[in-house]
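Biologist: Please take a close look at one part of this model for me, the strand pairing, and go through it step by step.

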Amino acid sequence: MKHTLTILLAVLVVITLCAAIVAPVVAAEDFPIGVITTPVEPVTSVTPEPTTVPTTEPTTIPTTIITTVPTTEPTTEPTITITIPTVPPGGGKGYIDTYCNVNGASVSFDGSYQCTIAQGVCTVGVSPSGTPVRTVTVALAGYNTWSGSLSHMPADGEHVSIYSTLNPIPTTTVTIPPVQSGVIYAQSNPAGAAIYLNGNFYGYSPVTIPNLVPGSYSLKASLNGYTPDTQIINVYAGQTATYYPTLQPSPPVPRSTGTVTVTSSPDHALVYVDGSYQGKVPLTVTLFPGSHTFRLTLPGYSDYTANLYVNANTNQKLNAIMTPAVYGSIAVTSLPGASVYTDSNYQGTIPPSGTLLLYNMANGNHLVKVSAAGYNDWINSVYVQPNVVTPINAVLTPVGPNPTPVPATGGFNIVSTPAGAEVYIDNLFKGYTPSMPDGIAPGEHQVLLKYTGYVDYSTTASVTAGQTTPLAISMQPAPTPTPASAPSLAVFIMSLAIVIGMCASIRRRS
């Protein structure tokens, strides 16, 4: 009987040990949700503490395993290893590193500014689970903008690099070729004459004058004992112009002169003697003895012409009575082929030269119309002065909604001998010679040059749109009036005899 109880006890012990070994495994497989509380770090092993289990009470293992062991003997639990899969995180932070060759450039993600390049790179943190970045743009003023895309969005803690290169925007350099200058070589015969250019002394012949802007220049050669020579020389870019004056010996001392005092009614008429302008009346001109032709002009009056024989050492008077003029002229400048009407009367068409001259127009206002097919009529009132050519410029505008283009203008290039003369265009001051007044409407214009000690020079010159009209003018020195000669001795004696005779006659009467 005792032997039988011993065997049964041994069997129970064996069963208890088997239950202790098998129970933890069964518990881990059947009840996994009782082991982990979310979120937790991954668990690799669980080591149960040794537990003394009463033979009649179930025992709870203070880990994650619950086991009931039917034994009365204390039992030591073995170590059990359990592998639990890692749960991926739901947040995190990645980085996009943008590299660039130019510091200061701005970086944008999908059009939104993020950072500025410093020391060749800028880094931006992004959420791996956020909105993906599709386009990276790098821009800086003066450079072409760069755009590119990421290879992939960075994961948590990952750096994704992108490389950009900014190229400068090319600038167009306009090279203006330098204006080529010209040269004047002056050599006089005989040599040694003083050479003047536009009134300024440049040396003695032979002499080379370099670095001249293309244009017209007044050259003068002067040598004692010879008559000065003056010529206008044209200078062209990259070329040498020549001036070879042959000086003539000075003429003998001029013979005696006479004077003529010129007046007019009305006053201020212009005086021309032998075709040369002398000035405005009242005026005294000094002339050599002989026959001379006088012509006086005044706007609104007919020209006055007279031939006068001048005697040496005498002063003569000339009073011109100006008669009012009845007719004047109109110079119409317009489109060639256009028809011209005055006071509704057809006058003709504009010739290829562009100007139609209408003669014998009565003094007063006239209605002038210029018309051409495809153009709007030009109509204006023009006042015609007697004995004067009145210029008008009729600019025709095309028919249609297009705006009228601004008419082109031209100008003058005026040089004179001497230089420094006052320039007047249509009675408006334009500076001193050499002068290049521009912005002048196409057509005929009155040009007047004035210089102290010289006769005023007046002419009419034409301006063409888009072109510069050259004028080279040589002014004539004003004649020096000869002082009135003292009364001769014979005249004095005759006057004295007349006075004595008158006194004697009065005495006898009394």
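Modeller: Happy to; what follows goes through a sheet and then a hairpin.

This is a predicted model, in which local features need pLDDT of at least 70 and side-chain atom pairs count only at pLDDT 80 or more, while totals for chains, interfaces and linings use all residues. Numbering starts from 1 along each chain as its sequence is written, and side-chain values use heavy atoms, with hydrogens and water left out.

The sheet is open and has 4 strands, in the order β35-β34-β36-β37, with antiparallel pairing. Strands here are DSSP runs of E, at least two residues long, numbered from the N terminus, and two of them pair if DSSP finds at least two bridges between them. The edges belong to β35 (428-432) and β37 (457-463): each has a single partner strand, so one side of each is left without a neighbour in the sheet. On average, neighbouring strands of this sheet are turned by 30° against each other, direction ignored; the axes are lines fitted to C-alpha atoms, and angles run from 0 to 180 degrees between N-to-C directions.

Within the pair, Y424 stands opposite F429 in β35. As background, side chains in a regular strand alternate between the two faces of the sheet.

The hairpin has 2 residues between the strands, and N198 takes a positive phi near 50°.
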